[in-house]
Amino acid sequence: MKALKVLVIGMAVLIVVGFAVIVFTIAGRVSTPKDGDGTAVIATPGPDTASWQTDLPLPKGCRLGDVQLDGGLLLVRLEGPSSLGCDDLLLVSPDNGRIVGRISPQLQEP
């Protein structure tokens, strides 16, 4: 009789543990985002890795000046000769790396 009690208690513990594993597995799969083909998308960029990368076309003779995050957009200041358009400010979307705006300063004579 004692062996039967141990067997019943052991089976009950296995049922509870199995049920918990099933619940945690389902919860984990529901909370992990998926991309179009059903594979999990996990974005965990480390300190030395970029979360996105893009090529930023610059006019010949221009170089990057200052880059700041402002209002959800990257504000990129170009440096170089103003005759080449190197004094422009570029507004870049950090979501996809596209240039969404350009500010070209124009000096007005008094």
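These legends walk you through close-up views of a predicted model.

**View 1. Four strands line up in an open sheet.** Follow the strands across and you will meet them in the order β1-β2-β3-β4, with antiparallel pairing. At the edges stand β1 (63-70) and β4 (99-103). Each of these two has a single partner strand, so one side of each is left without a neighbour in the sheet. Neighbouring strands here are turned against each other by 25° on average, direction ignored. As a reminder, strands of a sheet pair through backbone hydrogen bonds, either parallel or antiparallel.

**View 2. β1 meets β2.** Here we zoom in on one pair of strands. Six bridges link β1 and β2, which pair in the antiparallel sense. To find your way, look for Leu-64, which stands opposite Leu-78 in β2.

**View 3. Asp-88 sits in a loop between two strands.** The loop in question runs between β2 (73-79) and β3 (89-92). Is Asp-88 buried or exposed? Its relative accessible area is 6%, and because buried means under 20%, Asp-88 counts as buried.

**View 4. The side chain of Asp-88 makes polar contacts with Arg-102 and Ser-104.** Another polar contact, at 3.2 Å, joins the side chains of Asp-88 and Ser-104.

**View 5. Asp-88 and the residues it touches.** Leaving aside residues up to four places away in sequence, Asp-88 touches Val-76, Arg-77 and Leu-78, along with Arg-102, Ile-103, Ser-104 and Pro-105.

How values were computed:
Residues numbered from 1 in each chain as written. Predicted model: local features only at pLDDT ≥ 70, side-chain atom pairs only at ≥ 80, totals over all residues. Heavy atoms only, no water. Buried < 20%, exposed > 50% of the residue type's maximum accessible area, 1.4 Å probe, protein only. Polar contact = N/O pair within 3.5 Å; in protein donor to acceptor, adjacent residues only side chain to side chain. Contact = heavy atoms within 4.5 Å. Pairing = 2+ DSSP bridges. Axes fitted to C-alpha atoms, helices over the stretch in contact; angles between N-to-C directions.
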